[in-house]
Protein chains: 2
Amino acid sequence: MRYFEDFPEGLVVELGEVALSEDEILAFARQFDPQPMHTDPVAARESIYGGLIASGWHTVGAYMRLLVDGVLGDSASVGSPGVDNLRWLKPVKPGDRLHARLTVLEAKPSNSRPEWGIIRTRGEMTNQRAEVVMRVEAVNFFTRRMSGS
Amino acid sequence: MRYFEDFPEGLVVELGEVALSEDEILAFARQFDPQPMHTDPVAARESIYGGLIASGWHTVGAYMRLLVDGVLGDSASVGSPGVDNLRWLKPVKPGDRLHARLTVLEAKPSNSRPEWGIIRTRGEMTNQRAEVVMRVEAVNFFTRRMSGS
């Protein structure tokens, strides 16, 4: 079980890989982001992207899943107030192998809730050509390790 | 068809309402954000949230869907480089009625691509108690209306 104290500034965690299939890209986009470059392979070929690309919200969802599996699921996380600087830097195409990495930018105790600590992180997804396709900065609250726990 | 010129600074667009069912919250979270407050009604009841809440990524996905249905789907949008200040301000529970609103914060021509314009927006989701549950600032590129089109 990881607590606030287990996320020191500068910590880097490799979160593993994921790829989004064409079927997954279509299913997500039909539900949440039905724009032609995400839902229609033919129209997507004629777009500036030259083919189907994943919704940026799908890419960040896939990152979130790796973050939960690798870090948050076995931690004293109590939630997040939000994210900043979410950037979709390169298109994500079906089958692209996306590698996720978490870096702790800042770790500080909470002033208002002394039993919590505040972690600011940068998340990145990199494709098989070593291009960063997505970047996001997030804040997460974790409970602190109490003496005896 | 809406072009860059159809999104003047100060424009407000009401995007309609959506509610997330318990089944939808569970299905989304099992795929993208399997933390107990999103996937396990019993564990969620014992958490600081007092019951199941939607993943913040689900809430923003539901907002995106209303944005595509109400604005982007019938526009000359060519994509988004990203978002800032995405904040989850209040928990979203099953059945909460979420009303979405788009406000254009800034509209300016692109310097590097004269055929494009750049729109900066604030999106908000408000629940049935008039509480803002989510806020996000986004940038979108749209092609400009050319003379004759």
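**Helices between the chains**

The axes of α4(A) and α4(B) cross at roughly 170° and come within 11 Å. Because angles over 145 degrees count as roughly antiparallel, under 35 as roughly parallel, 65 to 115 as roughly perpendicular and the rest as oblique, α4(A) is roughly antiparallel to α4(B). Trp57(A), Val60(A) and Met64(A) of α4(A) make the contact with Trp57(B), Val60(B) and Met64(B) of α4(B); contact means heavy atoms within 4.5 Å. By class, six nonpolar residues take part in the contact of α4(A) with α4(B), with no polar and no charged residues. Here Ala, Val, Leu, Ile, Met, Phe, Trp, Tyr, Cys and Pro count as nonpolar, Asp, Glu, Lys and Arg as charged, and the others, Gly among them, as polar.

This is a predicted model, in which local features need pLDDT of at least 70 and side-chain atom pairs count only at pLDDT 80 or more, whereas totals for chains, interfaces and linings use all residues. Residues are numbered from 1 along each chain as its sequence is written, chains are lettered from A and ligands numbered from 1 in the order in which they are written, and side-chain values use heavy atoms, with hydrogens and water left out. Helices (H or I, at least four residues) and strands (E, at least two) are DSSP runs, numbered from the N terminus. Axes are lines fitted to C-alpha atoms, for helices over the stretch in contact, and angles run from 0 to 180 degrees between N-to-C directions.

From α1(A), Arg30(A), Gln31(A) and Phe32(A) meet His58(B), Gly61(B), Ala62(B), Met64(B) and Arg65(B) in α4(B). The contact of α1(A) with α4(B) has three nonpolar, three polar and two charged residues by class.

Within α1(A), the residues Ile25(A), Leu26(A), Phe28(A), Ala29(A) and Phe32(A) are buried; buried means under 20% relative accessible area, exposed over 50% and partly exposed in between (1.4 Å probe, protein chains only). The buried residues of α1(A) pack against α2 (36–39), α3 (41–46) and α4 (56–70) of chain A, and also against α1 (22–32) and α4 of chain B.

The relation of the two chains comes next.

In chain B, strand β4 (residues 116–126) has nine of its 11 residues buried. Strand β3 (residues 98–109) of chain B pairs with β4(B) in the antiparallel sense over 10 bridges, where pairing requires at least two DSSP bridges between the strands. Six residues lie between β3(B) and β4(B) in their hairpin, and Arg101(B) stands opposite Glu124(B) in β4(B). β4(B) also pairs with strand β5 (residues 132–143) of chain B, in the antiparallel sense over 11 bridges. Ile118(B) stands opposite Phe141(B) in β5(B).
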